[in-house]
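Subject: Handing over a structure, with notes

Hello,

I am passing a structure on to you, and I would be glad if you could look through it with the notes below beside you. Please take your time over it and open the model first.

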Amino acid sequence: MPVKERGYHGWQGSLAPRRLRWLPITLQGIRQVMQKKRAKLLFFFSAFPFLFFLVAVYVASKPELRFLEQITSLIGDDARLFNLFFTRSGLMFVLFLLSLYAGSDLISGDLKYNSIQLYLSRPLRRGDYLAGKLAVVMFYLLMFSLVPALLLVAAKALFVGGWSLSPGILLAIVAYPILVSLAMAALVLLFSSFSANTRLAIVGYVGFYFFTNMLAGIFSQVVFKNDAFGLLSPERTMRQMAALLFGTKPALAVPPWAAPLVVLGVTLAALGWILFRIRRVEV
Amino acid sequence: MPFMSSATVVFGFFARLSLRNRRTRLLLAAAFIPFVILLVFHLVAISGGGSRSGAVLFRQMAVPFLFQLYIPLMGLLGGSACVGDEIDQRTLVFLTTRPAGKASILLGKSAAQIVISLAIVILALAGSFALGLGSYVFSGEGMARLGKYLLAGALATMAYTSLFVLFGALLKKPVIAGIVFIFGWEYIVQFIPGSTQHLTISHYIKSLLPYKSSAGGFLMFQLEPSAAVHAVLVLLLLSGFFLALATRVFSSKEYVLSEPRI
Amino acid sequence: MEPVLEAQDLSKWYGNILGVSDISLNLTPGIHGLLGPNGAGKTTFLRLASGQLKPNRGRIRIFGEAVFSNPGLFNRVGFCPENDAYYRGVNGGDYLSFMARLHGASPTEARERARKALQRVGLEDVAAKAISAYSLGMRQRLKVTAAMLHDPQLLILDEPLKGVDPLWRVRIIELIREFESQGRTVIVSSHILPEIESMTNNIVLIHQGEILAEGDIQEIRGLLDSHPHMVSIRTPHIRRIASRFVQDNHVLTVNFSDSARKVVFKTDNRDHFFDRLNRIVVEEALEIEEITSPDDNLQAVFNYLVGRK
């Protein structure tokens, strides 16, 4: 009988009826990010948008601090407050940096050290692997977007002494950061899956982010003078989606379904490509 | 082995390696994004769409893309890889246990990277210019203008690549530091009053570009641009200085091969 | 005789982790086995010897010259690293030609040297194939022959047989012996004791960054007075032999196995034991099938020294 080479093989057995198969991957990934150098420094600076708005909410609730009108006039109603927090406080850039920091080496590192085969030779599917990695990035993004937003909600209720949020705004406060985090996580993992070289992943993601912003500005304002080209920019698209969810005036004159469609399309395309990439290294 | 001989041998090997490299192919493709956009624009214009000339598109899209984004990022990727790749792939030992000085090894690799990058930038710039400005390219004025863009592109490539070769030799996280430099320092300094803009590479590159705008954006100057000759000299000197410093650092530093460099 | 490699109070640490500590060593021409478990400090020592690392304390010299930042020394030194590393997008022939050119060979000379080097390790048929397509064993052979490419006077090999198949292990060991027979020096490291034993009797035992022992295996063993020697005898008359030795004060323990027809003695005086054994065998006309000293090898020496530490 010939001796057969026995390398790693994809799990052929049945899967135990256990939910959250992706959870160990996520927990491991979260620990790894926390152990990176300067993680705490990055997290400290990432809290700044939230701290600014916390002060603003406090000031707005205090009649005796009305002299700081410049801050309070920015805020206005709840929809405007949270829209500004999510889209104009620098939070978008912070989330971009966090996604870069947490996600750029998640798949490229596995490609470099041939770890994907190790994962898939356990009772895990490709979807579990992807879900686990997505959850790592989303954990950190939500920690600095959804959690501070909910803390702002609580702070507002405490300082004002009552509940003023409508259910629609509350839903938007929860839905928007989840959608943004999912989209950003999918994008950074897409670039991470392109190559075993993490440097290439980082430069590619950064280049994509800045180039699309640049292109959107030039096409929409100079060349074609059409707001639809603004949707080339991830930032402008997210702002458009925020305006839709919070019911504020959108910056781009495009149909309301356009921004969510772009976000959904890009996210699904990114996830689809990543699954295809994982299949290529599967034994 | 004599310094120049070993540098030449290293140059030849890594230049051939780079040409077959997937990263080089990706960079080449990325460099032609403005060309493709210009091509699409022409097709749309022919079919009745579009509202601005190709020249404006070249100036306001291709030039900022290439000079503000592409060349610095390509310099970062390629420059930091001169040392970074040898450490990540653990092949540094193959070079340093041969009778070729570390300085000649780094110089040879950097030269290979710069030459390949120059070729890509020149092709992309010339192609985009020709597509954007059409027959104007063949006039004397057009040629002179193209020459200025190519000179600026070449010097920008050399300066950024040399700087990031130094980052790669010196720092454990050269890519992160490079991104902070490109999108932090070089961006923020534009808004700082005084002559701090002289402390950026982009100031000197902008001084060489034929078209200067005070209306804002990439080509905005807070200061008056430097004289062209001055800008050329500074960029050449900076390139030489960064490379010299990089070889000095590389020769005296020890590298632990198990630590990946991002 | 002038030492080829000279280390004096050599120490290297990585932050809080000690690589090697106070190593002093003089190696003369010949084959020297550097032996120790994983993490002992062998690779750190060899990286110091090959100029990849700078000592934190002490010094290391090869042919009387400092190693770090001395590229000219590598005209006479060849190094084969432990890591399975290679340039992607290059074939074996081009890689070796490049290495030869770094030694000053012309393009034609370099190609010829590369061809011979590939032939030496049986890779001439795959010269045009990308190194990334080679098996682990083939890449290892490529590294070994690359280290020998320029006929160095000192060859430093870090785990040269890792991943190599049994046939080529024998061949590479022969190559190393041939190399040494031409008056050159080889330092070869391994954590696999039989590999070292098959190449040389001169060993340097290293453990936790320090040298435990250095010299001939037999001499080191002989110096371990505190450890009794084991003698294993296979014979149909195990109980008769055992009974003759049980009362001997120099015999410390006796163990035997009827099924294996073996009796194993531990003695603190080997010479006395063998002397007595000879007389007993003659007097009683005992049939002896085999006599061995199970601990008279590198493993036992190493275990004793590590255990002692």
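What follows is a description of the chains, then of a few elements and residues.

This is a predicted model, in which local features need pLDDT of at least 70 and side-chain atom pairs count only at pLDDT 80 or more, while totals for chains, interfaces and linings use all residues. Residues are numbered from 1 along each chain as its sequence is written, chains are lettered from A and ligands numbered from 1 in the order in which they are written, and side-chain values use heavy atoms, with hydrogens and water left out.

Chain A

Chain A has 14 helices and zero strands, where helices (H or I, at least four residues) and strands (E, at least two) are DSSP runs numbered from the N terminus. Of its 283 residues, 49% count as buried, a word that stands for under 20% relative accessible area, with exposed for over 50% and partly exposed for what lies in between (1.4 Å probe, protein chains only). If we take the contacts in chain A (heavy atoms within 4.5 Å) between residues at least 6 apart in sequence, 74% of them join residues at least 24 apart. The accessible surface of chain A comes to about 14,000 Å², and 67% of that belongs to carbon and sulfur atoms; such areas come from the Shrake-Rupley method with a 1.4 Å probe, and for residues only the protein chains shown count as cover.

Two helices of this chain deserve a look together. The axes of helix α11 (residues 167-194) of chain A and helix α14 (residues 258-281) of chain A come within 9 Å and cross at roughly 35°, the axes being lines fitted to C-alpha atoms over the stretch in contact, with angles that run from 0 to 180 degrees between N-to-C directions. The crossing of α11(A) and α14(A) is left-handed, which is to say that the near helix is turned anticlockwise from the far one by less than a right angle, whereas clockwise would be right-handed. Among the residues of α11(A) that take part in the meeting are A:Leu182, A:Ala186 and A:Leu189, and those of α14(A) include A:Val263, A:Ala270 and A:Trp273.

A:Leu106 sits in the loop between α6 (91-103) and α7 (108-112) of chain A, and it counts as buried because its relative accessibility is 5%. Leaving aside neighbours within four places in sequence, A:Leu106 is in contact with A:Tyr129, A:Lys133, A:Val136, A:Val137, A:Leu189 and A:Ser192. With A:Ser192, the separation is 86 residues in sequence and 6.8 Å in space, C-alpha to C-alpha.

Chain C and the pairs of chains

Chain C has ten helices and 14 strands, and its C-alpha atoms fill a box of roughly 75 × 45 × 35 Å, taken along the principal axes. Buried residues make up 50% of the 309 residues in chain C, and its accessible surface comes to about 13,800 Å², of which 46% belongs to carbon and sulfur atoms. For contacts in chain C with a separation of 6 or more, residues 24 or more positions apart account for 66%.

Two pairs of chains touch, and the most contacts are between chains B and C. No contact joins chain A and chain C, and their closest C-alpha atoms lie 13 Å apart.

Helix α1 (residues 42-49) of chain C is mostly covered, since eight of its eight residues are buried, among them C:Lys42, C:Phe45 and C:Arg47. After α1(C) comes C:Gly51, whose phi is positive, near 75°.

Most residues other than glycine have a negative phi. Even so, C:Asp22, which is not a glycine, has a positive phi of about 50°; C:Asp22 is found in strand β2 (residues 17-27) of chain C and is partly exposed, because its relative accessible area is 42%. C:Ser69 is not a glycine either, and its phi is positive at about 55°; C:Ser69 lies in the loop between β5 (65-66) and β6 (77-80) of chain C, and at 47% relative accessibility it counts as partly exposed.

With best wishes
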